[in-house]
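User: I am new to this structure and would like to learn how to read its features one at a time. Could you take me through some of them, giving the general idea before the case at hand?

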Amino acid sequence: MKLKTLLTLALVGLAGLTGVRAATIKIGYSDWPGYTVMEIAKQKGWFKEAGLDVEMDWFDYGASIDAFAAGKIDADMIVAGDDMVSGATGAKSKIVCLVDYSDGSDMIIGAPGIDSIKDLKGKKVGVELTLVEHELLLQALKVNGMSPSDVTLVGTSTDKTPQTLASGQVSAIGAWYPISGQALKQVPGSKKLFTSADAKGLIFDVIAVNPASYGLHKKEWSKITAIYYKCVAYLMDPKTHDDAIRIMAAKVGADPAEYAKNIPGTHFLTIPEAKACLKKSDDMLSIYGSMKLSDKFYLANGVYKNSQDPSDYVVPGVIMGLK
C-alpha cells in the first residue's frame, strides 16, 4: 500500500476518533448578526475561492452549542462566556476569531409603565437563566445600585420572551436581536431599559473550534478567520453595504430596511480592533477581562465549579498573524 494512502487512512481514523471530519469543515451559526454575516461568504463562494471545503450549518443558538458539544460540527459561532460553559462540561475549544461585541442589540426591555431599571424593584423579569441576558441584567442592577434579590427571575426561553412580556406575566425581559426587536414591536409601550451599549465588551462573540480540528487544519482556520473579516469589510463598505444587508436579512427572514436599523447594535470587529481586544487586561473590552467577568458569573450561579482560564481558550496567534 502506498505511503500516501496509509497517511490518508490514518487521518480518517483520527477524524473518526475525535469527531473531526477529514474533508469538510463544519461551522455552526445562528441568527445573531455577527454570525449571520458569514452568510455573505457562503453566498459569494469565498470559501471555495480560498481552496476550502466549508459547510455553514444553520441552527437555533442553543442547538448549535449542543451540536458542538456532541462533536457534530467542527466549530461554533458562540458567545465567549457560553464557550467556557461548554468547555467546563467537557467540550473544550480553541477561540481562533473574535467576531464582535454586542453594542446595544442585547436588551433589558420593560413592559408599559416600567421606565427604568429601578422601577423593577420587587418585580418579575423573564430571562433565559445563566445565559448572556441574565448576566446583562445583573450588570444593569449593579450599575443602578441594586442587587439580584431586588427582582424575581422567571426562567424564560429567549425566543419566548416577546410573548411572555405581552402576557403581563413579567415586568421586563432580556433578549438579543432579532428577538429583542420583535418584543419592542409586539408590545406597544415597551421600552429599552438597559442595553449592551451600556456595558461594552460584556458580551463578546467568537468562533470556537474543536481542538482536534484546529490541530489538523491550522492553515484552514487562519483562512476562515481572514474570510470572516472579509465579510465584515463587505458589510462596512458603502458600495456593498446594501447587498450585505440583503443577504443577511434574507437569511433570518427580516425586512432589509428594518434589519439595517439594528446593525449598529453589533460592533463588528475589524482585524486591528480584534488585535486590540487581545491585549490582556481586566477591562471588558479585552477578551480576557470580559471572559474573567463571565467566569465569575458562572461560578456564582453554580453553572460550573472549576474556574476557567481564558488563556486556555484564546489562540491569539491566528488573528495576530493576519494583515
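User: Does T130 count as buried, exposed or partly exposed, and at what relative accessibility?

Analyst: Please keep in mind throughout that this is a predicted model. Buried means under 20% relative accessible area and exposed means over 50%, and because T130 has 26% relative accessibility, T130 counts as partly exposed. T130 is placed in the loop between β6 (124–127) and α7.

User: Which peptide bond is cis, and where is its proline found?

Analyst: The bond from Y177 to P178 is cis, with omega near 10°, and P178 belongs to the loop between β8 and α9.

User: Which residues of α9 are buried, and what covers them?

Analyst: The buried residues of α9 are I179, S180, G181 and A183, and what covers them includes the strands β5 (106–110) and β8 (172–176) as well as the helix α8 (161–167).

User: Where is S190, and is S190 buried or exposed?

Analyst: S190 lies in the loop between α9 (179–186) and β9 (191–195). Since buried means under 20% relative accessible area, S190 is buried because its value is 12%. The side chain of S190 reaches the backbone oxygen of V187 at 2.7 Å. Leaving aside neighbours within four places in sequence, S190 is in contact with I109, G110, A111, P112, L165, A183 and L184.

User: How should I read I27, and is I27 buried or exposed?

Analyst: The same cut-off of 20% applies, and I27, with a relative accessible area of 0%, is therefore buried. I27 is found in strand β1 (residues 25–29). Positions separated in sequence can also be compared in space: I27 and D76 are 49 residues apart in sequence and 5.5 Å apart in space, C-alpha to C-alpha. Not counting residues up to four places away in sequence, I27 touches V54, E55, M56, D57, A75, M77, W221 and I224.

User: Turning to helix packing, at what angle do α6 and α15 pack, and how far apart are their axes?

Analyst: Helix α6 (residues 80–88) and helix α15 (residues 287–300) pack at an angle of about 55°, and their axes are 9 Å apart. The two helices are therefore oblique to each other, and their crossing is right-handed. On the α6 side the contact is made by A80, G81, D82, M84 and V85, and on the α15 side by I287, M291, S294, D295 and Y298. By class, this contact of α6 with α15 has 6 nonpolar, 2 polar and 2 charged residues.

User: At what angle do α7 and α15 pack?

Analyst: Helix α7 (residues 132–143) and α15 pack at an angle of about 95°, with their axes 11 Å apart, which means that α7 is roughly perpendicular to α15. H134, E135 and L138 of α7 make the contact with L293, S294 and F297 of α15. Divided by class, the residues of this contact are 3 nonpolar, 2 polar and 1 charged.

Notes
Residues are numbered from 1 along each chain as its sequence is written. This is a predicted model: local features need pLDDT of at least 70, side-chain atom pairs count only at pLDDT 80 or more; totals for chains, interfaces and linings use all residues. Side-chain values use heavy atoms; hydrogens and water are left out. Helices (H or I, at least four residues) and strands (E, at least two) are DSSP runs, numbered from the N terminus. Buried means under 20% relative accessible area, exposed over 50%, partly exposed in between (1.4 Å probe, protein chains only). A polar contact is a pair of N or O atoms within 3.5 Å; within protein, one must be able to donate a hydrogen and the other to accept it, and residues adjacent in sequence count only if both atoms are side-chain atoms. Contact means heavy atoms within 4.5 Å. Axes are lines fitted to C-alpha atoms, for helices over the stretch in contact, and angles run from 0 to 180 degrees between N-to-C directions. Angles under 35 degrees count as roughly parallel, over 145 as roughly antiparallel, 65 to 115 as roughly perpendicular and the rest as oblique. A crossing is left-handed if the near helix is turned anticlockwise from the far one by less than a right angle, and right-handed if clockwise. Ala, Val, Leu, Ile, Met, Phe, Trp, Tyr, Cys and Pro count as nonpolar, Asp, Glu, Lys and Arg as charged, and the others, Gly among them, as polar.
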